[in-house]
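Hi there,

Here is the structure I promised to pass on. Have a look at it first, and then read my notes below.

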Amino acid sequence: MIKKTLTKPVVLIGVMGSGKSTVGKKLARKLNLQFYDSDKILEEREALSIVDIHDFMGERYFQQKEEEVIKEIIGYGVVVLSTGGSSFMNENIRNFIRENTISIWLDSDLDTIYERVSRRNTRPELMASDNKKELLEKMMKEREPVFKQADIKIESDLEAHHLVGTIIEKLEAYQK
């Protein structure tokens, strides 16, 4: 079983709506590991939503706290961690993830992402935009070269329970 051979945390990266939290929970359950969502932990610690942290505390404060949370969780050992959609864009976080974890990029097509993020109005980057789909497309194109630095890439257009098996197969192959 893959859990016995994992020696590093598994970190899920990707744009908002790529399924990091949903897939991460299912993956952790399947591997019998602890699951952490850096955005949820940050919200609990700050007693504010991610949107409010951005609005009231500023982007720099948010990034500093996000980095602290991610580094702390990675320090817990072999766990599954879902990161915020822009976390891997932060060079400090990206380098720390690349040095200390197995990173998995959940990639999806624009229509899938748009459909997923349209369900909730809790995405700071999209709150002020009149054309959310256009903004998402731009964001995806800008982030793709950075996300490509992940150890493993998974097309995440399938349902979460189908993705878990694919992720486990790719983790096994990656560790050989």
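Predicted model: local features only at pLDDT ≥ 70, side-chain atom pairs only at ≥ 80, totals over all residues.

α4 covers residues 50-57, and its buried residues are Ile-50, Val-51, Ile-53 and His-54. Looking down the axis of α4, you'll find these buried residues within an arc of 170 degrees, so they line one face of the helix. Among the parts that cover them are α3 (38-46) and α5 (59-74).

Next, the charged pairs. Side chains of opposite charge can pair when their charged atoms come close. There are nine salt bridges in the structure, including these:

- Glu-68 pairs with Lys-65, with 3.5 Å between the closest N and O atoms. The two are three residues apart in α5, so about one helical turn separates them. Glu-68 is partly exposed, at 40% relative accessibility.
- Lys-141 pairs with Glu-137, and here the closest N and O atoms are 3.7 Å apart. They sit four residues apart in helix α8 (residues 132-147), so again about one helical turn separates them. Lys-141 is exposed at 57%, while Glu-137 is partly exposed at 35%.
- Lys-138 pairs with Glu-142, also in α8 and four residues apart, with the closest N and O atoms at 3.4 Å.

Cheers

Conventions
Residues numbered from 1 in each chain as written. Heavy atoms only, no water. Buried < 20%, exposed > 50% of the residue type's maximum accessible area, 1.4 Å probe, protein only. Arc of directions from axis to C-beta. Contact = heavy atoms within 4.5 Å. Salt bridge = Lys/Arg side-chain N within 4 Å of Asp/Glu carboxyl O.
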